[in-house]
Amino acid sequence: MAEPRVIIVGAGPAGTRAAEALVRAGLRPMVIDEGQRSGGQIYRRQPEGFGRSYAKLYGTEAGRARDLHQSFEALLPHIDYRPETLVWNIADQHVWWANAHDQDAAPFDALIVCSGATDRLMPVLGWHHAGCYSLGGAQVALKAQACAIGREIVFMGSGPLLYLVAAQYAAAGAKVAAVLDSAPASARVRAAPDMLALPSVLWNGIGLTLALRKAGVPVLHGVTPVEIRGDADQGVTGLVYRTAGGDTREIACDAVAMGHHLRSETQLADLARCAFGFDPVSRQWLPQCDAEGRSSVPGVYLAGDGCRIRGARAAEAGGQLAALAALADLGLAVDAAERAHLLDAMADYARFARGLMRAFPWPQHQAASLPDAAMVCRCEAVTAGDLRQVVRETGAREANRAKAFSRVGMGRCQGRYCGLAAAEVIAAEARVPVESVGRLRAQAPVKPLSISTGEDAA
Amino acid sequence: MTGRFIRLDEHSRPALTLHVDGEPVSALEGDTLMTAMLQAGRALRTSEFDDGSRAGFCLMGACQDCWVWTESGERLRACSTPARAGLRIVTHNPEASWPNLA
């Protein structure tokens with residue numbers, strides 16, 4: 001029998017560990033990654049020629065980051081590695097890829113999609129001003145470019161990244177004006193039993209809050225954002241918010257880093273025709289998969305944050321598990337004890353992740369009370385009022401139909417940053433449950449191709 | 001007013017010069033185009049929907065907010081394109097055509 005053709009999309013924690021397990025089994029997988037260097041987002045590497053240490057870049061996760069990078073370097077002679085390459089479609093048992101020099105369709109017997117996550121955004125009046133960035137984006141500026149996104153920065157939203165990035169900025173010498181968490185402090189107390197599934201990670205999280213307080217950064221809970229003030233030329237100039245006690249306050253800043261935890265990048269799973277289901281805890285539609293990462297489509301496996309938001313440690317275990325599942329399904333030998341050990345670990349990661357979702361809940365009520373003037377879609381400048389009018393006048397209550405009438409989700413980001421909030425705005429306006437609004441269907445290409453590639457591919 | 005991005009570390013890299021809308025911009029090797037442009041200025045482009053200046057958002061190639069163009073019309077994603085000496089960038093689409101969103 002010819003050697004099975006296995007393709008891995010993504011070279012972050014999940015993709016790296018999946019490749020490692022396949023190489024150990026004697027295969028030579030193709031690893032396609034958009035990044036210039038392996039590592040994914042959370043273990044993103046700085047460019048060649050930068051000199052900061054692992055401890056400085058990754059803090060408590062320095063050892064894991066180094067280990068992951070070294071593991072990938074060791075794999076290089078044994079894999080077909082395609083960096084800076086976009087997988088833009090999956091169809092007919094082929095992966096369609098393109099980069100600056102070339103493009104092709106690669107056939108596969110097994111495909112492991114490790115597509116990672118992006119920030120989950122709740123719009124705020126004024127979030128279209130220059131100087132607003134996603135929390136992940138703010139972290140990339142620091143980690144990969146040694147830059148702060150502004151002179152005085154407000155960190156706003158909720159989720160573990162809120163505290164992590166704010167603490168990293170404070171430690172690097174940036175001026176953190178405030179950390180404004182929309183989650184009430186009580187949510188964290190209720191979530192504590194689940195978060196004890198990973199005591200060391202919980203401890204690291206508490207450490208970040210303590211470090212911020214020690215640095216003199218105001219950290220507020222139960223905050224409601226009111227408006228990011230700014231103008232067309234200068235961008236962000238300040239932030240208005242309401243405290244848990246109901247006071248309205250204003251703070252001067254020239255940058256806002258915002259986000260509410262993460263959302264899975266599920267477009268490739270969608271194009272591969274994987275079945276999706278609604279997850280009521282995160283209020284998102286997610287691809288269905290079993291505990292080992294098998295999707296509903298034979299030969300297509302899902303791992304890491306691209307499937308479920310469970311963090312980098314879970315992504316490493318999930319990538320390895322998905323590779324073992326693929327090997328077993330291809331009729332190759334798999335170590336049962338290794339598989340059982342990984343499944344045990346995944347149960348703890350899943351419990352911890354559920355705790356995080358409860359500690360930092362998605363503030364869907366903010367979508368309902370979002371002022372009509374607030375942009376929902378930054379790409380095409382479509383306001384909440386525009387979207388509500390479409391819902392009222394056309395009766396569109398389904399995400400793709402509302403997109404067709406309003407253009408929300410049709411712009412440059414293809415709904416990545418507006419889709420989940422838009423669904424909440426539609427649900428609130430139509431007075432229907434958000435799951436009935438559905439999800440934006442993925443379209444190929446999943447990201448804009450260069451014009452020449454688009455024409456050649458047509 | 002000074003640039004939007006503030007360098008906190010990694011200052012001792014070799015310098016390079018590129019041009020943005022005809023003006024020279026001094027940057028460092030290893031900078032992305034976005035870093036090079038925003039440590040010198042406040043924005044990358046103007047929204048085509050008349051709602052002000054834009055300066056990127058996600059920095060990881062997902063939002064496409066940071067498109068700029070070369071003088072010859074090639075579209076570049078500023079967050080993931082390295083700054084190179086001699087690059088000549090314009091912040092308005094020189095062909096003024098609708099972007100290819102496919």
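Predicted model: local features only at pLDDT ≥ 70, side-chain atom pairs only at ≥ 80, totals over all residues.
Trainee: What is the strand order in the open sheet of five strands in chain A?

Mentor: The order is 3-2-1-7-21, and the pairing is parallel. Strand 3 (80-82) and strand 21 (300-302) of chain A are the edge strands, each pairing on one side only. On average, neighbouring strands are turned by 15° against each other, direction ignored.

Trainee: How many bridges join strand 7 of chain A to strand 21 of chain A?

Mentor: Three bridges, in the parallel sense; strand 7 covers residues 110-113. A:Leu302 in strand 21 of chain A stands opposite A:Val113.

Trainee: Which strands does helix 1 of chain A lie across?

Mentor: Helix 1 of chain A lies across strand 1 (6-9), strand 2 (30-32) and strand 7 of chain A, and runs at about 160° to strand 1 of chain A.

Trainee: And at what angle does helix 1 pack with helix 9 of chain A?

Mentor: The angle is about 35°, and the axes are 7 Å apart. The crossing is right-handed. Residues in the contact include A:Ala14 and A:Ala18 of helix 1 and A:Ala315 and A:Gly319 of helix 9 of chain A. By class, this contact has ten nonpolar, five polar and two charged residues.

Trainee: Turning to the interface, how many residues of chain B are in contact with chain A?

Mentor: There are 37 residues of chain B in contact with 47 residues of chain A. The chain B side has 15 nonpolar, ten polar and twelve charged residues.

Trainee: Which strand of chain A pairs with strand 1 of chain B?

Mentor: Strand 10 (residues 147-148) of chain A does, in the antiparallel sense over two bridges. B:Ile6 is the bridge partner of A:Ala148.

Key
Residues numbered from 1 in each chain as written. Chains lettered and ligands numbered in written order. Contact = placed C-beta atoms within 7 Å. Nonpolar A, V, L, I, M, F, W, Y, C, P; charged D, E, K, R; others polar. Pairing = 2+ DSSP bridges. Helix = DSSP H or I, 4+ residues; strand = E, 2+ residues; numbered from the N terminus. Axes fitted to C-alpha atoms, helices over the stretch in contact; angles between N-to-C directions. Left-handed = near helix turned anticlockwise from the far one by under 90°.
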